[in-house]
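Hi,

Here is the structure I said I would pass on. Have a look at it first, then read my notes below.

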2 protein chains.
Amino acid sequence: MAMATMDKIGDPVTGRGVVEQRFDTACEGRTVPAILWRPEAIEGATPLVLLGHGGTLHKRADYILAIARWLAGRHGIASVAIDGPVHGDRRAPGSDPEKTFDDFVQAWKRPQTVDETVRDFQAALGAAESEMAVGAVGYFGFSMGTMMGVPLVAAEPRISVAVLGLMGPWGSIADRLRQDAPEVTCPVRFLVQWDDELIARELCFELFDSLGTRDKHLRAHPGPHRAVPASEMRDVPGWLAEHLS
Amino acid sequence: MAMATMDKIGDPVTGRGVVEQRFDTACEGRTVPAILWRPEAIEGATPLVLLGHGGTLHKRADYILAIARWLAGRHGIASVAIDGPVHGDRRAPGSDPEKTFDDFVQAWKRPQTVDETVRDFQAALGAAESEMAVGAVGYFGFSMGTMMGVPLVAAEPRISVAVLGLMGPWGSIADRLRQDAPEVTCPVRFLVQWDDELIARELCFELFDSLGTRDKHLRAHPGPHRAVPASEMRDVPGWLAEHLS
C-alpha cells in the first residue's frame, strides 16, 4: 500500500474522552473524505474499526457516530469512517438530494466502484497509521456498508473481525458479493431484518451462507430494513472489542 | 391450578452457593420427576425458569445442569426441570436404551401428550411454590424443549420470557405448534442451527415467524442440531436475568 497521509480538516474535537478528527486522504487521484475517532488517552498500538455507512447516508450518520463513540469511550478502540462513493462530501456540488438513492444505485453499476472503494478504505487506514500506532483491525457496516465491506474484508488481511448484514447478492453487485464472500475468513456477526423490504431475508441468508468463515453467527429481528433495534447496535462495540482487544 | 406438593427425593445438595433438590410431584395421577435448583441465599420472591430438555435426554442433562447452576449462582434465579414424556425417570423399567429416540417420537403421537406436558410443568412450578416464594417466571428449552415450550408458554400467562429454538412445525406436533405459536406473546430468543439435519432451518424460520410476539430475535450458528456453541449457551442465563430480575 502506498504511504497515505492525513490532510486534517479543522482542529480535533474532544468530548467525553473521545477525539474526533476530520480529514481527507488521497487515493489514486481521488479525495477520500474521512473521520478518525480515537480515545483521548492512547498507550501503544490501538485497535481500529473501519466503519462503512449505509446507502444515502454519510460518514457521520447518527449510528456511525454512536458506534465510533462507544468504541473509543468504552473500549479504547479507534475507528475511521469514510464517505462511500457519491455519498456525503463526495456528492457532486449542487446535486439533487432527492436523487441520492438513484445516484447510489448508479454508482455501484460502475465496474470500478468496488475495487476503488476497497482501496479508499485501505488509504484511510494508512492515513490513520500515519497519526497513531494501529493494532488489530475490524470492520463494521450494514447494507451498503456490507456492499463495501465484503470485498474489503476479503481483500484486506489485516481485518480480523467484521460486523455485516442487511445485504445479500443484490443488484449490480450480486455476482461480486457471491465471488468475494467465500474469501471472508475472519469471525463475522451478520444482521438480518426479518421483514426487510429492500433486501429480502432469503438474499441475506444466501450471503451469510456463502461467507468463508465457520466462525460466524446470524442475528435477526422483526421489522423493516432500517429498524435495527437499539439494543442490537449497543451490543456491537462490545463484541468487536472482545475480538480486537 | 390444584395445589401441588413437593415429594422430596433425598437431601438437598449444596455447592458453590446453589442448592439442588430432586423431587416428584403428582399431576392427574402421573408422577412427574423433577429437580429444583435455587440460590443458597434467598430473600423474598425469587425469579424461576422452567427448563425443558431435548429429546432422548433428561432433566439433568449436562447443558440443563449448566444453565440451572449459572442462573442460580450468577443471577440469583431458581429453576425447575422435569423429565419429559418417556424420558429420564419416566422411561419404562427395563426399556431398551437404543429405542429412546423411537419411544420419544411415538410418545408425541399420542394426542394427549402436549396438554399433559403443559400441566406437568405447571404442577412442577406449583410444587416449587410450595417451597419458596416465586417471582417472575421464564422458560428455556431447545428442540423437544421447544415442542414442550411453545404450548406451555402459550398456555401459562405467568411465563414472561422464553428461550426457544432448534424446532419448527415438525412431525406429529406440527399443527399444534402452528396453532400455539401465535399465542406466544412474551419476549423470545430463538436459536437456529444453520446446518440442522433433524429440523431444517426453513422449518425453524417458520416457527419463529409465527410467534405472536414482536419482541423476538433469532440467532443462528453454523453446524448440526446438537452443535450449539458454548458461547451461545453461556449467554442465555444473562439474557433471561435481564427480563426476570
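Which residues in α3(B) meet which residues in α4(B)? Keep in mind that this is a predicted model. On the α3(B) side they are V114(B), T117(B), V118(B) and F121(B), and their partners in α4(B) are M148(B), P151(B), L152(B) and A155(B). Sorted by class, that contact has seven nonpolar residues, one polar and no charged ones.

As for the geometry, α3 of chain B covers residues 113-129 and α4 of chain B residues 144-155; their axes come within 9 Å and cross at roughly 65 degrees. The crossing is right-handed.

Eleven of the twelve residues are buried, so α4(B) is largely enclosed by the rest of the structure. Among the buried ones are M144(B), G149(B) and V153(B), along with M148(B), P151(B) and L152(B). The buried residues of α4(B) pack against α3, and also against β4 (46-52), α2 (100-107), β6 (134-141), β7 (159-165) and α5 (174-180), all in chain B.

Then there is the chain contact. Eight residues of chain B are in contact with eight of chain A. The chain B side has three nonpolar, two polar and three charged residues. Strand β9 (residues 216-221) of chain A is joined by three bridges to strand β9 (residues 216-221) of chain B, and the two run antiparallel. If you want a place to start there, R219(A) stands opposite R219(B).

Cheers

Key
Residues are numbered from 1 along each chain as its sequence is written. Chains are lettered from A and ligands numbered from 1 in the order in which they are written. This is a predicted model: local features need pLDDT of at least 70, side-chain atom pairs count only at pLDDT 80 or more; totals for chains, interfaces and linings use all residues. Axes are lines fitted to C-alpha atoms, for helices over the stretch in contact, and angles run from 0 to 180 degrees between N-to-C directions. Helices (H or I, at least four residues) and strands (E, at least two) are DSSP runs, numbered from the N terminus. A crossing is left-handed if the near helix is turned anticlockwise from the far one by less than a right angle, and right-handed if clockwise. Two residues are in contact if their C-beta atoms, placed from the backbone, lie within 7 Å. Ala, Val, Leu, Ile, Met, Phe, Trp, Tyr, Cys and Pro count as nonpolar, Asp, Glu, Lys and Arg as charged, and the others, Gly among them, as polar. A residue is buried if 20 or more other C-beta atoms lie within 10 Å of its own, exposed if 12 or fewer, and partly exposed in between; C-beta atoms are placed from the backbone. Two strands pair if DSSP finds at least two bridges between them.
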